Amino acid sequence: MRRIALLAAGCFVVLAWGAQGQAEELTAKQIIDRVTNGDNLGFSTGEARVKLSIRNKRGQERVRIVNSKSIEKDGQRWTIVTFLEPADVAGTKLLSKQVKDGSDLQYLYLPALKEKRRIAGSDKDESFMGTDFTYNDLEQNSLEEASHTLLPDEEHSGIPCFVIESVPTGKDAVYSKVKVWVDKKDFLPLKIYFFDKKGNHQKTLIAKTIEPLDGKIAITTLMMKNVKKGTKTIMELEALDRSKKFPEAIFDENKLDK
């Protein structure tokens, strides 16, 4: 197991990429492509069980357990996340369908209200179920819809990194820019800074634990910290089965109540 010592304070799924050989003189876009062409913010197919620990600024913690199922349809990832625990949120579902060259289609189902709603536009800037992740943070195309600039190399926890500044170009962008530290060896995003529309550092995402899973390097623990609010959310992978297959029918937004 490879663990990253945190030097700074801090996609319901394991973040996994295969190790790749490094080429010289890569552009910012080529580096980001290495990241996004892997298995970013998810896995192509399979099932995962994830623990979400939500901590307020006083250190009080709430725990959520979720199940994530994913398939690939015409090269695009479809994912449905279902809350299992605790009882007051059990059955809540988030369906995300990746759209080529566009914003993900996202639907939230609330079983207590027997209500489904589309997450779109400014709604994507809302907190997802009380966590420090917004719906926009769970977008699978978020790094792709941006202009990228290569900054001077830095180290993160002693690991040599490329540093990329990405300015979102999508019409629904909620951040003014994003700064990413990418491991030069495995092209893993080890740390990401998110800046609000006024240019202030708003949130930090850090890969806390990295280990091999099924022959691939995987980030198995993530921490998102809201530096303005002093809150943080930790995602921990508890189980993963990449071999599981699922019918397309369970990803039908009109059947989320089933």
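**Exercise 1. Which residue forms a salt bridge with Arg117, and how far apart are the closest N and O atoms?**

Step 1: Arg117 pairs with Asp123, with 3.8 Å between the closest N and O atoms.

Step 2: Now the exposure labels: buried is under 20% relative accessible area, exposed is over 50%, and partly exposed is in between (1.4 Å probe, protein chains only). Arg117 is partly exposed at 27%, and Asp123 is partly exposed at 24%.

A word on the ground rules: this is a predicted model, where local features need pLDDT of at least 70 and side-chain atom pairs count only at pLDDT 80 or more, while totals for chains, interfaces and linings use all residues. Residues are numbered from 1 along each chain as its sequence is written, and side-chain values use heavy atoms, with hydrogens and water left out.

**Exercise 2. Follow the salt bridges of Arg49 to Glu85 and Glu238.**

Step 1: Start with Glu85, whose side chain meets that of Arg49 at 3.8 Å, N to O. This pair ties together distant parts of the chain, since Arg49 is in strand S3 (residues 46-55) and Glu85 in strand S5, 36 residues apart. Strands here are DSSP runs (E, at least two residues), helices likewise (H or I, at least four), numbered from the N terminus.

Step 2: Next, Glu238 meets Arg49 at 3.1 Å, N to O. Here the link again joins distant parts of the chain: Glu238 sits in strand S15 (residues 231-241), 189 residues from Arg49 in S3.

Step 3: Arg49 is partly exposed at 31%, Glu85 is partly exposed at 40%, and Glu238 is partly exposed at 42%.

Step 4: Zoom out. The structure holds 15 salt bridges; elsewhere, Glu47, Lys69 and Lys244 are linked in a network of them.

**Exercise 3. Where is the cis peptide bond that involves Pro86?**

Step 1: The bond joins Glu85 and Pro86, with omega at about -5°.

**Exercise 4. What is the phi of Asp74, and what is the phi of Lys114?**

Step 1: Asp74 has a positive phi of about 50° despite not being a glycine. Lys114, also a non-glycine residue, has a positive phi near 50°.

Step 2: Locate them. Asp74 lies in the loop between strand S4 (61-73) and S5, and Lys114 in the loop between strand S7 (105-110) and strand S8 (115-119).

Step 3: Asp74 is exposed at 67% relative accessible area, and Lys114 is exposed at 72%.

Terms used
Salt bridge = Lys/Arg side-chain N within 4 Å of Asp/Glu carboxyl O.
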